[in-house]
Amino acid sequence: MNPRPAAESALLAGLLALFLCRAVVAVAVVPPWQGPDEPTHFALAYGLTMPPEMQRPVQGGVLQSMVRHGWWALYEDPPPDPLPQSFDRINGIGEGTLAQPLYYGAAAAILQLSRPADLERAYIHLRILSIVLAIATLACGWAGTRRLLGAEIAAGATVVAALHPQFLLAAISVNADALLNLCGAFVWWQAARIVSGQRRDFAMVLMFVGAVAGLFTKRIGMVLIGIALAVSVWSLWTTRAWTRRSASVAAATAIAGAALLVAAALFFGRPDIWGAFWLNALTVRRPIESATLQEGFRFLRMTVDYFWLIGGWLRFQPPEAWIWIARAVILCGFGGAIVVTIESRADRRLLGLAWLFVGVQVAAMLYGVFWTIPSAPQARYLFPVFAPITALLYVGLRRGSPAAFRPYWPAAFVLLLAALDVTGFTTVHIPTYLR
Amino acid sequence: VTAPARRWAPAWIAAGVVFVIALRMPGVSLPASSAGLRRFQIDINSATSVSQTFVMTADGLEAIEVATAGTPPTATGNVRLELYDVSDGASFIHGTDVRAADLVAAPVFRFEFQPIDDSAGQTYRFDLHPSELSPVAGVAVWATKGERYRGGSMLINDRERWADLAFAAVAPAGRSSWDRLRDGSDGASPAALTIVAFAGYWAALGVVLRLFAGVR
């Protein structure tokens, strides 16, 4: 049974309000610069609002702000003395580039409108922008899941998203992830419209617009292009609806995308560097066969452990018991989703779309972490496909609940996630940041 | 408003009260012994020194609070405060001379020192004795009648007594989430806003729980 439309709207409003309240608490507790690579992303965006000669001093201002907010103290390191005036002398903080300009351009435009008095206020304005983008991400994710899998699963998936501690941290971070996550949720929504047959051609164009926006936001956004292509081919293959109109739409979309790429290269000013930047993400840096099974298991364990919550720059973890509960939720959820996909012939095609999103993203993450840009498998790399992940988790967890327990299942589900969230605050963020 | 909704709202408000109480409880119980009603004073003078041992339950021991009182006619001289780690022998951690008048200026005196990073599980001894610099008079500390802290003992002139000093060990882990939220961090956000946002969180969670529970 699905909720009545009025109750459904109220539930969605309640979930968005819940997420907003959590975001306010998180902003109050988590000091600036604790999100991954925030100094780099902020300096690029804030620098665009200034004359070229003033852009580099922004980095010095950011470093001073990091000292003020105890960035080094939290990691039990003394700040550099003397404090440099640019990032190139700080280990672990890059200067970044404008090769993917969409987030920086949008953030700079917002700052031009909001006119912050100083760097600290500019940071707060961009944090608010990230929260707004995250709320839009939740709404797009809900719309896509509802179109594809119905109102109940959409509500359950949005409960997971609205109470997810790591997604909340991504939502209060000043970096390009916030926009990329929105692009991913938008692509999911349009893919659901395509698969369910709602204005298929128009949805396909919008899906590619979202994917190209993702491509111009972060390098990992190129995965969205692959997903969009796969969804298009799959849709045309399964519906056998290849018409002259479809061909025209596909051609127009491809031409528009290519034109955008050329325009971006010209805008960047140095097409050679721009091209090298993108090829760099595809360059294999170690022999494919050198990866071991042991590394694979380690990658899997870290992905699971870091997915629900890890604070700072992969620094602050919850207590062991908390991590075990989160592991159980993730493994039961995905295990149950696999069972449902195998068991239910009716849902297989629809769940297959969610698995396509998740599978392609995980494969890209695996490829990137092992062979091209070695790093830890951070949860945020999965957030461009967060909506299908939450849908699969909800479907799987519901499948795993015993039949006799079903009447209590919705309340138990919400309370379990809320308990994980609140204890995430009380065992990680509050003791770490409010000493 | 339906009958179940009328029952639901008070239940959720009651759950919120329990939630606030839980937020007010510290994550770790630190060594402490409150004076309570059955208590007595011990004068610190040239013939009397007082010590208290305790086992620290968290890292970051940064201070010891002790309940003090002035005695007639007036507080004069200095008191020597010292902290030793006695887990394995007795190693000196910190010591300072405090003016007697400062010691009794408030009901509780806070003996602060450089935070000890790995204090959890260590046994410490806190000493108060007359300073060699200036004889002390007019100063007393409060102690409990009977043993109230089980992790250590009070000693008067190095002899163990069936009593405990009224004291409290201080470390960041001993502060409750509520205290931390109320005090805020680096002033980035007003504490009141945080508390209001938590209240909104609870209200929104109640709405979500109520509406989602109707979904099958």
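Author: Let us begin with burial. A residue counts as buried when its relative accessible area is under 20%. In this predicted model, Arg380(A) has a relative accessibility of 11% and therefore counts as buried.

Reader: With which residue does Arg380(A) form a salt bridge?

Author: A salt bridge requires a side-chain nitrogen of Lys or Arg within 4 Å of a carboxyl oxygen of Asp or Glu. Arg380(A) meets this with Asp37(A), where the closest N and O atoms are 3.5 Å apart. Arg380(A) is in the loop between helix 16 (345–372) and helix 17 (386–400) of chain A, and Asp37(A) is in the loop between helix 1 (5–29) and helix 2 (38–47) of chain A, so the pair ties together parts that are 343 residues apart in sequence. Asp37(A), at 29% relative accessibility, counts as partly exposed.

Reader: Which residues are linked with Arg380(A) in a network of salt bridges?

Author: The network links Arg380(A) with Asp37(A), Asp177(A) and Lys218(A). Over all chains, the structure holds 18 salt bridges.

Reader: How many residues apart are Asp305(A) and Arg301(A) in helix 14 of chain A?

Author: They are 4 residues apart, about one turn of the helix, and both belong to helix 14 (residues 293–308) of chain A. Asp305(A) forms a salt bridge with Arg301(A), with 3.5 Å between the closest N and O atoms. As for accessibility, Asp305(A) counts as buried at 8%, whereas Arg301(A) counts as partly exposed at 46%.

Reader: What does Arg399(A) form with Glu343(A)?

Author: Arg399(A) forms a salt bridge with Glu343(A), and their closest N and O atoms are 2.7 Å apart. Arg399(A) belongs to helix 17 of chain A and Glu343(A) to helix 15 (residues 320–343) of chain A, so this pair ties together parts that are 56 residues apart in sequence. Arg399(A) counts as partly exposed, at 34% relative accessibility.

Reader: Let us turn to the packing of helices. At what angle do helix 2 and helix 3 of chain A pack?

Author: One reads the angle between the two axes, then their separation. Helix 2 of chain A and helix 3 (residues 52–68) of chain A pack at about 140 degrees, and their axes are 9 Å apart. This makes helix 2 of chain A oblique to helix 3 of chain A, because an angle counts as roughly antiparallel when it is over 145 degrees. The crossing in which helix 2 of chain A passes helix 3 of chain A is right-handed.

Reader: How does one read the backbone? Is the peptide bond from Asp81(A) to Pro82(A) cis or trans?

Author: The angle to consult is omega. For the bond from Asp81(A) to Pro82(A), omega is near 0 degrees and the bond is cis. Pro82(A) is found in the loop between helix 4 (71–74) and helix 5 (102–114) of chain A. In chain B, a cis peptide bond joins Pro72(B) and Pro73(B), with omega about 0 degrees. Pro73(B) is placed in the loop between strand 4 (61–70) and strand 5 (78–85) of chain B.

Reader: Where does Asn157(B) lie, and is its phi positive or negative?

Author: Asn157(B) lies in the loop between strand 10 (154–156) and strand 11 (159–161) of chain B. Asn157(B) is not a glycine, yet its phi is positive, at about 50 degrees. Asp158(B), also not a glycine, has a positive phi of about 70 degrees, and is placed in the loop between strand 10 and strand 11 of chain B. Asn157(B) is partly exposed, with a relative accessible area of 37%, whereas Asp158(B) is exposed, at 64%.

Reader: Finally, which residues make the nonpolar surface patch of about 410 Å²?

Author: The patch is made by Ile13(B), Val17(B), Ile21(B) and Met25(B). Val17(B) belongs to helix 1 (residues 3–24) of chain B, and is partly exposed with a relative accessible area of 47%. Val18(B) also lies in helix 1 of chain B, and with a relative accessible area of 54% it is exposed. Along the chain, Val18(B) and Val50(B) are 32 residues apart, and their C-alpha atoms are separated by 40 Å.

Definitions and conventions. Residues are numbered from 1 along each chain as its sequence is written. Chains are lettered from A and ligands numbered from 1 in the order in which they are written. This is a predicted model: local features need pLDDT of at least 70, side-chain atom pairs count only at pLDDT 80 or more; totals for chains, interfaces and linings use all residues. Side-chain values use heavy atoms; hydrogens and water are left out. Helices (H or I, at least four residues) and strands (E, at least two) are DSSP runs, numbered from the N terminus. Buried means under 20% relative accessible area, exposed over 50%, partly exposed in between (1.4 Å probe, protein chains only). Patches are made of residues with over 30% relative accessible area and no salt bridge: like charges are joined within 9 Å, nonpolar side chains (Val, Leu, Ile, Met, Phe, Trp, Tyr) within 5 Å. Accessible areas come from the Shrake-Rupley method with a 1.4 Å probe; for residues, only the protein chains shown count as cover. Axes are lines fitted to C-alpha atoms, for helices over the stretch in contact, and angles run from 0 to 180 degrees between N-to-C directions. Angles under 35 degrees count as roughly parallel, over 145 as roughly antiparallel, 65 to 115 as roughly perpendicular and the rest as oblique. A crossing is left-handed if the near helix is turned anticlockwise from the far one by less than a right angle, and right-handed if clockwise.
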